[in-house]
Amino acid sequence: MAKLEKTAARRGRKPGDGVGSSSGQKSLARLRYEIHAALGLLEDDGTPLALIIKQQLQGPKPEAMLGVLARMLPSDITLNAGSDFVRSLEQVGAAIDQHQIERVSVLQPEKDIDKTIN
């Protein structure tokens with residue numbers, strides 16, 4: 001029995017705890033629960049997550065929100081060329097490109113060159 005206790009202790013579990021019950025797993029489960037609760041509070045306040053994502057995508061740095069969303073999506077997705085999701089991504093890409101063009105057109109090259117030379 002002592003050998004079992006030592007093995008379980010090395011794995012971060014108490015004897016009798018099942019597989020997948022290490023402190024890291026428990027912390028992750030708790031974090032997921034708290035995020036779910038926070039999203040419920042947002043819904044109760046009339047501010048759904050979809051609205052927050054929309055505001056961030058329309059803000060000055062939509063690429064930051066897209067980066068956050070990309071980390072949460074699976075990386076091995078196969079998409080058909082005609083899917084609504086692909087069309088939506090194309091629209092987002094076009095919006096980001098337009099945002100970049102507008103940012104560059106606001107710069108005044110003559111003044112920027114003078115600043116770098118002087």
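**Side chains, helices and a patch**

Modeller: Start with Arg87, which counts as partly exposed at 40% relative accessibility. Buried means under 20% relative accessible area, exposed over 50%, and partly exposed in between (1.4 Å probe, protein chains only). This is a predicted model, so local features need pLDDT of at least 70 and side-chain atom pairs pLDDT 80 or more, while totals for chains, interfaces and linings use all residues. Residues are numbered from 1 along each chain as its sequence is written, and side-chain values use heavy atoms, without hydrogens or water.

Biologist: Fine. What does the side chain of Arg87 meet in a salt bridge?

Modeller: The side chain of Asp84, at 3.2 Å from N to O. A salt bridge here is a side-chain nitrogen of Lys or Arg within 4 Å of a carboxyl oxygen of Asp or Glu.

Biologist: Where do Asp84 and Arg87 lie?

Modeller: Both are in helix H5, three residues apart, which is about one turn of the helix. H5 covers residues 84-106. Helices are DSSP runs of H or I with at least four residues, strands are runs of E with at least two, and numbering starts from the N terminus.

Biologist: And Asp84, buried or exposed?

Modeller: Asp84 is exposed, with a relative accessible area of 55%.

Biologist: How many salt bridges come out by that rule?

Modeller: Two. Besides the Asp84 and Arg87 pair, the side chains of Glu34 and Arg30 meet at 2.9 Å, N to O.

Biologist: Why would Glu34 and Arg30 be about one helical turn apart?

Modeller: Because they sit four residues apart in helix H2. An α-helix has 3.6 residues a turn, so residues three or four places apart point the same way.

Biologist: How accessible is Arg30? And Glu34?

Modeller: Arg30 counts as exposed at 53% relative accessibility. Glu34 counts as partly exposed, at 35%.

Biologist: Stay on H2. How many residues does H2 have?

Modeller: H2 has 22 residues and reaches 31 Å from its first C-alpha to its last. It takes in residues 23-44. Gly46 follows H2, and its phi is positive, near 85°.

Biologist: Which residues form the nonpolar patch on the surface?

Modeller: Leu28, Leu31, Ile35, Leu39 and Leu49, with about 400 Å² of accessible area together. Patches take residues with over 30% relative accessible area and no salt bridge; like charges are joined within 9 Å, and nonpolar side chains (Val, Leu, Ile, Met, Phe, Trp, Tyr) within 5 Å.

Biologist: Which helix gives the largest share of the nonpolar patch?

Modeller: Helix H2, with four residues. Leu39 has its place in H2, and at 30% relative accessibility it counts as partly exposed.

Biologist: Changing topic. How many helices and strands does the chain have?

Modeller: Six helices and zero strands. Read along the sequence, the pattern is α-α-α-α-α-α.

Biologist: What part of the chain is buried?

Modeller: Buried residues make up 8% of the 118 residues. The chain exposes about 10000 Å², and carbon and sulfur atoms supply 59% of that. Areas come from the Shrake-Rupley method with a 1.4 Å probe; for residues, only the protein chains shown count as cover.

Biologist: Last one. Where is Lys54 found?

Modeller: Lys54 is in helix H3, residues 49-58. At 44% relative accessibility, Lys54 counts as partly exposed.

Biologist: How far apart are Lys54 and Met65?

Modeller: They are 11 residues apart in sequence and 9.4 Å apart in space, C-alpha to C-alpha.

Definitions and conventions: The expected span of a helix is 1.5 Å times one less than its number of residues.
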